[in-house]
Structure formats: C-alpha cells, structure tokens
Amino acid sequence: MTIIENGAEFLDRQSVYAKLIILSVIILIICGVYWYFFWLPKSDELISARNELQKERTKLNEYENIAKELPRFEQEFNKLDREFKEAASKLPEEKEIPSLIDNIYAAVSASGLESNTFAPKPEVKKDIYAEIPIDMRVYGSYYDLANFFDRVSKLPRIVNIRDLNLIQDKRRSTGNKIVLDASFTAVTFRLIPHAPPQPKKIGVQNVEPE
C-alpha cells in the first residue's frame, strides 16, 4: 500500500472537524514554503528595485532642475564673459607698457608736479595677469596732485594708485602756499597669455642590427 493510499485511508477515518484541521495545516505549510522560497526573495528584489527607481527619479528631477536653470546660467556666463573681455581690453599688452609708463610720467609734469622718484619695478605675476608697479614720489599742491590722479584715471588703460602717503613739505611751503610731499605706487596690469599646449615628444629608440 502506497503512502498516498495510507494517507487517504487515514483521512477517511477522521471526523470532518479533524479533516478541516489537517487541511488547514497542509495549506499553512504550503503557504509557508511558498513565502519562504518564492515570495521572500522576490520581495527583497522588489524593495531593491523600488529604491533604485527612487534614486533614478531623484537624479531625473535634479537634471530637470538643471535644465530649467541652464538658460539663466548661460546668460550669466555670457555677461561675465563680456565683462571680462571689457576689463581685458583696458589692460595693456606687453609691447604697450613702455608707452603707458611714458604717459604716466608725462601726467606728472602736465599736472604741475615736481617728480622726485619715478622707478618702475619688476612685474609681479598673479594667476592670469601681472602687476607692473611704479614707485613714485612727487611734490606739489593738493590741486596739482588731484589733477594728476584725474589725468591717470582718464588713461585708456587701468592704473591704480596704492599706498598713498601725504605729508607737508615745510621746506617748499611758503606763506599760504602748502606743498605736499606725496609718495605712492602706481600699478598697471597686463594679461599673461596662455601658452599653447606643447605636443609630447615620442622617443624613438634606435635598434642596431645584429
């Protein structure tokens, strides 16, 4: 007699209530096996897939927000690019430096100042530009000095005045005429051109024939 036949005979001898209990147990066992071997692994995969989908949606939202802001970024970039080019146009090229220094010196005498020191210094290189400082010391009235600064401000290139120090020159001052001893540094700038990238040299090894 097979196991199935024995099981069937055993169920026949049981009451209806016992049969329902046995059937319920069998159903629970089947459901447990299905849950453990089939549903649980698929559930973990489903949770992982949902999390990955949420990450992709978050990235998509970020990209969409960036795409919306892109026209504004382009406008700001174009504005900054125009401002940079405008500022760069006011920086002298290297070949224009001697002429600019001559113009600054000419502004001294044109303003009625007496020059004591006019000493261009070596340029100081920064990131993309270089500063060309000129140590200066002049004598004259407040009006003459103001006239000089006004002339320098109207030069076609940028010239900054730094470290201004004013004292009264008592030897030259007479009566109501006050002569100032002014020392300062006039600084102009130039862009440092970027050197084009140099091609890499490929070494060729000579092989002597045997």
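A residue is called exposed here when its relative accessible area is over 50%, and buried when that area is under 20%. Keep these words in mind while touring this model, which is predicted.

Next, colour the buried residues of H3, which are Ile-97, Leu-100, Ile-101, Ile-104, Ala-107 and Val-108. If you look down the axis of H3, these buried residues fall within an arc of 115°, so they line one face of the helix. An α-helix has 3.6 residues a turn, so residues three or four places apart point the same way. On the face turned away from the buried side of H3, select Asp-102 and Ser-109, which are exposed.

Now show what the buried residues of H3 pack against: strands E1 (114-120), E3 (129-140), E4 (159-168) and E5 (180-191), together with helix H4 (142-153).

Then turn to the aromatic rings, of which the whole structure holds five pairs. Select Tyr-105 and Phe-118, whose ring centres are 4.9 Å apart with planes at 75°, so the pair is edge-to-face. This pair joins helix H3 to strand E1, across 13 residues of chain. Move on to Phe-148 and Phe-184, with ring centres 5.9 Å apart and planes at 40°, so this pair is tilted. Phe-148 counts as buried at 1% relative accessibility, and Phe-184 counts as buried at 3%.

Finish at Arg-172, whose charged end sits over the ring of Tyr-139, 3.8 Å from the ring's centre.

Definitions and conventions
Residues are numbered from 1 along each chain as its sequence is written. This is a predicted model: local features need pLDDT of at least 70, side-chain atom pairs count only at pLDDT 80 or more; totals for chains, interfaces and linings use all residues. Side-chain values use heavy atoms; hydrogens and water are left out. Buried means under 20% relative accessible area, exposed over 50%, partly exposed in between (1.4 Å probe, protein chains only). Helices (H or I, at least four residues) and strands (E, at least two) are DSSP runs, numbered from the N terminus. The arc is that of the directions from the helix axis to the C-beta atoms. Contact means heavy atoms within 4.5 Å. Rings of Phe, Tyr and Trp (its six-membered ring) pair if their centres lie within 6.5 Å; planes under 30 degrees apart count as stacked, over 60 as edge-to-face and the rest as tilted. A charge sits over a ring if NZ of Lys or CZ of Arg is within 6 Å of the ring centre and within 35 degrees of the ring normal.
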